[in-house]
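I opened a new model today and wanted to know how its chain is laid out. These are my notes, in the order I looked things up.

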Amino acid sequence: MTVASNYVAREVENKWYDYWMKNNYFHSEVDEREPYTIVIPPPNVTGVLHMGHMLNNTIQDVLIRRARLKGYNACWVPGTDHASIATEAKVVAKLKAEGIDKNDLSREEFLKHAWDWTHKHGGIILEQLKKLGASCDWERTKFTMDDDMSASVIKVFVDLYRKGHIYRGYRMVNWDPEAKTTLSDEEVIYQERQGYLYYLKYKIEGTEDTLTIATTRPETILGDTAICINPNDERFSHLKGKKAIVPLCERVIPIIEDEYVDVEFGTGCLKVTPAHDENDKMLGDKHNLEVIDIFHDDATLNSFGMQYEGLDRFEARKQMVRDLEEKGILVKTEEHVNKVGTSERTGAVIEPKLSDQWFLKMKELAQPALDAVLEKEVNLVPDKFVNTYRHWMENVRDWNISRQLVWGQQIPAFFYGDGKEDFVVAETPEEALELARKQSGKDLTAADLTQDKDALDTWFSSWLWPISVFNGILEPDNKEINYYYPTNDLVTAPEILFFWVARMIIAGYEYRDQKPFNNVYLTGIVRDKQRRKMSKSLGNSPDPLGLIDAYGADGVRVGMLLSSPAGNDLMFEEDLCKQGGAFVNKIWNSFKLVNSWEVSDKAKQPEAAKIAIQWYKAKFQKSLQEIDDNYKKYRMSDALMATYKLVWDDYCSWFLEMVKPVYGQPMDKTTFDAVTEILEDNLKILHPFVPFVSEEIWQSMKERLENEALIISSWPEVETFDASLVEEFAVASEVISGIRSIRKEKNISYKDQIELQVLNNENVAGTFDPVIEKLGNISTLGYTDAQVKGALSFRVKSNDYFIPVAGAIDVDAEKAKLEEELNYTRGFLKSVEKKLSNEKFVGGAPAKVVENEKQKKADAEAKIEAILASLEALS
């Protein structure tokens, strides 16, 4: 069959992806086979492919393609997440550019804009994954805002509320003033930042005395409602029972006593601002203090901010510091490094804020999920993350699940009166009305009900993902959830171990009484060679689609996995993709070579080819066991490297050379059939990593029916093999390399045949002698009992190999060359010995330098011995 001289990745990739899609190879239906299931970590619906997605989805595709070959009913469910904060921010920005304020729109109007945006921009990333070769079951694509997915979320909220796990509370929350919503603790990233500690004087009411407090946030003094001292601190015993005056606003506040204050920290006097600090709020509750919130939702100061009203909090801080300094209230300022909470989504500095929010009690729900990981029912790979998981789960806090957003599942709580407790929770407005009538004892109408405006946290939908994609919430006993759940492997990033992984395990035990997956493979972060995380803002992240255009999808897949051990970061360089592309070309060119051979039914099989086939089959089996073991341990990089070395080194560099027919002569059919069988096995183990080039070669070898495509063929069976063949070839390959080195060093043409005599001290079997004869172009290979005079020699293990030089080289010229090298080396040895005999040098030089000189001496002595042996052999 005629094959293309060059491998054109783009043409091949489009052709075979279309072919796979047309023949529905990715689709899975319930049948009698054992299922193998992966659910995709759903990317943001408005997202585009980045390097982290490339790594994560390449690993998933490798696993799913191998499972398909292993005979499992492989099902990889794709989909996207509605990403409430990120998507709403984009829609708001789009509306703003069009001169529309979100606040001027009704909920329905805003949602229409959000859906329009989603339909236009959503799902682009899924199309991009196809370019990578992702073999997802696209017919099963889900979106977390699909009707059935949303219904599942609402059903779970109502269920958990009725079980007493969900409650509404007025509590201190993490407030994102840019997105104007609360965040869970896990969505807050703490960063060390350089700031200042401001020392301020507060007057004591009715006296000329003052006390000093230290704060990093002087703007919050306008919300102070007490000063607290430790009752055991004798320095401030004179302040007990007195009152202080808040600077600038001149409000009188009590001086309270509590052992919460650390006498060793700061000045020993603590300002208490219950509205803007969680610890202060607890202190305020204990002492029944007033709560004064000085901020609007966008973190500008409100009317309690007095003359600073309307200023952004950081601008107000600057202005206030100037005013405090002018009034002599600012005692001093010190540089101070502290941890600042920032929004994981917007990057805004988080503001602690008191607010009515919905919370999910986590402690009781988390216990089965904690036990599952500790007892290895769910395996975290690598297991170094188990302790991190345990720490988080043992210290888990209630989950703030409400968000002040429109885009998302609207909280199914319906208010019917003026009180905070005048609400009901129900799946539908009709059910809510019935409940509200019972609860209130009034004949209410639908117009009397107002649904909570808040949406649920995005993670509250995605924590159901492995269940809801198979409709396991709405129909808990349907055939698909019973067949595909629990799933097998989850591939995701460590940074969402708590956001998503832990919560899915919690949901799995709550709603299926079963784990959601068997194994969690935690990938590393893709970094550049300077160890910086790849990001658009740093400009160090290449465009994944650009890489695919340049090196082909197979090349990029290999590049991503060449150095990607589980849980460890990937130091990515574009050269890795170049190396991957070179590997793909190597595979293609080796096929071209095999395809170019003429085959004869009459030709006899050479001994070299016969033993080569036996050896490669043994080597393949040895490598297959190593590859399977690496897959089992989720060592994806190691599985690739074992495959890479087998194909590049053993198959391309050795095996094909061993079986290649003499130039101008045909290959015997026995050998060719064996080579074809070996090539097919190679393609099977290559396919998960390089699906496109492997399918192209597979289909080019001969005509194949749709049910004979490589993608649905069978993974090679592990068989027993002759390990001695592998060991013997290791020696034979060294012998061949030794012959080639001498040819190169002595300028003996590879076309000229030479003799080889072996002093077989090792008693190595002569199994591979035909191979040595062929690859070394040996006219006669014989065995001897003694050193051969007048010959070039080399050693492998304790065997000596002699190449008689008569007619092959100019003996006199070779002797002269060796004598010259001997004299130089003796001179070099003398200079090193002189150094080492100098006591001052040996005593004064660093140990490493002295050790280096000793090594030079040993090397020179060994070289002299080798030269003398060569001279003796030539005599």
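The entries below go from the whole chain down to single residues.

**Ground rules.** I am working with a predicted model, where local features need pLDDT of at least 70, side-chain atom pairs count only at pLDDT 80 or more, and totals for chains, interfaces and linings use all residues. I number residues from 1 along each chain as its sequence is written, and side-chain values use heavy atoms, with hydrogens and water left out.

**Overall form.** I looked up the secondary structure and found 26 helices and 31 strands. Both are DSSP runs numbered from the N terminus: helices are H or I with at least four residues, strands are E with at least two. Next came the radius of gyration, taken over C-alpha atoms; the globule rule is 2.2 Å times the number of residues to the power 0.38. The chain comes to 37 Å, well over the 29 Å that the rule gives for 875 residues, so it is more spread out than a compact globule. I also noted the box that the C-alpha atoms fill along the principal axes, roughly 115 × 80 × 50 Å.

**Surface and contacts.** I find that 53% of the 875 residues count as buried. Buried means under 20% relative accessible area, exposed over 50%, and partly exposed in between (1.4 Å probe, protein chains only). The chain exposes about 40600 Å², and carbon and sulfur atoms supply 48% of that. Areas come from the Shrake-Rupley method with a 1.4 Å probe. I then checked contacts, meaning heavy atoms within 4.5 Å. Among those between residues at least 6 apart in sequence, 77% join residues at least 24 apart.

**Cores.** Which residues touch the most other members of the largest nonpolar core? I found Phe460 and Phe655, in a core of 201 residues. A nonpolar core is a set of buried Ala, Val, Leu, Ile, Met, Phe, Trp, Tyr and Cys residues joined through side-chain atoms within 4.5 Å. Helix α19 (residues 636-659) gives the most to this core, with 14 residues. Leaving aside neighbours within four places in sequence, I listed contacts of Phe460, including Val153, Phe157, Leu360 and Trp399. A second, separate core has 30 residues, among them Tyr198, Val246, Ile253 and Leu330.

**Helix α5.** I checked residues 124-132 and found Ile125, Leu126, Gln128, Leu129, Lys130 and Leu132 buried. Their cover includes α1 (9-22), α2 (51-69), β3 (79-80), α16 (544-561) and α21 (691-701). After α5 comes Gly133, with a positive phi near 100 degrees.

Most residues other than glycine have a negative phi, and most peptide bonds are trans. I searched for exceptions. Val381 and Pro382 are joined by a cis peptide bond, with omega about 0 degrees. Pro382 sits in the loop between β15 (379-381) and α10 (385-394). The bond from Tyr485 to Pro486 is also cis, with omega near 0 degrees. I place Pro486 in the loop between α14 (479-484) and β22 (487-492).

Lys376 is in the loop between α9 (363-374) and β15. Asn763 is in the loop between β28 (754-759) and α23 (769-776). Are they buried or exposed? Lys376 is partly exposed, at 42% relative accessible area, and Asn763 is exposed, at 65%.
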